[in-house]
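Here is a short report on a protein chain.

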Amino acid sequence: MRELDPNNKKHVLFTLFFATLYLSTFTFGGGYVIVTLLKDKFVDHYHWIDEEEMLDLVAIAQSSPGAIAVNGAIVVGYKLCGIPGVFVSVLGAILPPMVILSVISLFYQAFSTNPYISAVLSGMSAGVGAVIASVVWDMGSGVVKTHDWINMVIMVISFCISYFLNVNVVIIIIAVAVFGLIRTLGNEKGWWKK
């Protein structure tokens, strides 16, 4: 991971704004699609965040209320530049959807009945499925790379009870958060070995 130069903060803020603006402009399919693009940009391209830390930031963004794209921008911006990074990254993340939705709302009637627009949206939904599968693969392989069998079991159990038993995701997040808190306290107090 490359250390950020405090004297170069203006350049980092500038890059952060245009990276989130770019990602937000060309991300279709919801917040989970932007997760893999954030990783690609800030972990693989700029090397400002390492992969394990990115998983933690994504977990925070997913478990916080609100749109995951904005939450992701908030946690990445705060990690990189503090409060100024939050403002810059959120501005970059919300400008494109705000402009696009404003234009669409003006011409909604024409867009909703246009067969070409419908065909484009259908094609994009197929691509979104592939990107979401990529996010699942990246995040799942990150958990497996830790070689922590408890995390792997939690991942499998969480998937199974969500998919097969239709348990609400909020309940799963709260249960896993409580388990993580107990596990962390247990490790710090020496109740059991890691």
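His47 sits in the loop between helix 2 (31-45) and helix 3 (51-63). Helices here are DSSP runs of H or I with at least four residues, numbered from the N terminus. This is a predicted model: local features need pLDDT of at least 70, side-chain atom pairs count only at pLDDT 80 or more, and totals for chains, interfaces and linings use all residues. Residues are numbered from 1 along each chain as its sequence is written, and side-chain values use heavy atoms, with hydrogens and water left out.

**Positive phi in loops**

Most residues other than glycine have a negative phi. His47 is not a glycine, yet its phi is positive, about 60 degrees. Asn166 is not a glycine either, and has a positive phi of about 55 degrees. It lies in the loop between helix 7 (149-163) and helix 8 (169-189). Accessibility is given as relative accessible area: buried is under 20%, exposed over 50%, partly exposed in between (1.4 Å probe, protein chains only).

| Residue | Relative accessible area | Class |
|---|---|---|
| His47 | 41% | partly exposed |
| Asn166 | 64% | exposed |
| Cys81 | 7% | buried |
| Cys160 | 31% | partly exposed |

**Cysteines**

A disulfide is a covalent bond between the sulfur atoms of two cysteines. The cut-off used is a sulfur pair within 2.5 Å. The structure holds zero disulfides.

**Helix 6**

Helix 6 covers residues 115-145, which is 31 residues. The expected span is 1.5 Å times one less than the number of residues. At its start, a side-chain oxygen of Asn114 comes within 2.7 Å of the backbone nitrogen of Tyr116. After helix 6 comes His147, with a positive phi near 60 degrees.

**Cavities**

A cavity is a set of points on a 1 Å grid, over the protein atoms alone, where a 1.4 Å probe fits but cannot get out; lining residues have an atom within 4 Å of a point. There are two cavities of 30 Å³ or more. Helix 2, helix 3 and helix 6 each supply at least two of its lining residues. Helix 3 gives the most, with four. Among the lining residues are Lys39, Glu51 and Asp138.

The second largest cavity holds about 40 Å³. Helix 2, helix 3 and helix 4 (68-106) each give two or more residues to its lining. Val35, Met54 and Val58 are among the residues that line it.

Technical notes: Polar contact = N/O pair within 3.5 Å; in protein donor to acceptor, adjacent residues only side chain to side chain. 1 Å grid on protein atoms, 1.4 Å probe; cavity = no way out; pocket = protein on both sides within 12 Å on 5 of 7 lines; lining within 4 Å. Points joined across faces, edges and corners; volume = space filled by probe spheres on them.
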